[in-house]
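Dear colleague,

I am passing on a structure that you have not worked with before, and I would be glad if you could look through it alongside the notes that follow.

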Amino acid sequence: MGRHCCLLLAKCHKKRVEAARKIQAWWRGNLVRRTLLVAALRAWMIQCWWRTILHRQHQKLQQSLLRIYVIQEESVVKLQSWVRMWQCRQYYCQICDALCVFQPPNRSLVTQNKDTLQVQYGVVSKQPEFHIEILSI
């Protein structure tokens, strides 16, 4: 019976060693997975932080480009209005130079055709009206 007992003890010891190895492997696997999970979470947090930084930089760039665009648009509109105003003044001065109209203070319009003097009465609007008479000499 001694030999049989030794074999049983050896078998039992072998099963315990095998069970201990399995438990250790499982525990080491848990530690590795936990370490990998922590590393992956930290990497994910860094990636999220970096994407946030890039997004903010992109928004700042868009804002600055939009400001530049608005300034340029306002400048162009102002320049166009000045050019139109200058053209209107030029046209007005040309009309005034060519105008042969006399308007007395009583708001009547006096024009002269050949030998007769014509007077037109009416309400004068606030908008400028031009009456052009072409004289032949």
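A disulfide is taken here as a pair of cysteine sulfur atoms within 2.5 Å. By that criterion the structure, which is a predicted model, holds 0 disulfides.

Turning to the aromatic residues, the structure holds 2 aromatic pairs. In one of them, the ring centres of tryptophan 26 and tryptophan 27 lie 6.2 Å apart and the ring planes stand at 45 degrees, so this pair is tilted. Tryptophan 26 is exposed, its relative accessible area being 53%, while tryptophan 27, with 42%, is partly exposed. Tryptophan 49 and tryptophan 50 also form a tilted aromatic pair, with 6.0 Å from centre to centre and 45 degrees between the planes. Here tryptophan 49 is exposed, at a relative accessible area of 52%, and tryptophan 50 is partly exposed, at 44%.

Leucine 31 has its place in helix 1, which covers residues 2-98, and leucine 31 is partly exposed because its relative accessible area of 36% falls between the 20% limit for buried and the 50% limit for exposed.

Technical notes:
Residues are numbered from 1 along each chain as its sequence is written. This is a predicted model: local features need pLDDT of at least 70, side-chain atom pairs count only at pLDDT 80 or more; totals for chains, interfaces and linings use all residues. Side-chain values use heavy atoms; hydrogens and water are left out. Helices (H or I, at least four residues) and strands (E, at least two) are DSSP runs, numbered from the N terminus. Buried means under 20% relative accessible area, exposed over 50%, partly exposed in between (1.4 Å probe, protein chains only). Rings of Phe, Tyr and Trp (its six-membered ring) pair if their centres lie within 6.5 Å; planes under 30 degrees apart count as stacked, over 60 as edge-to-face and the rest as tilted.
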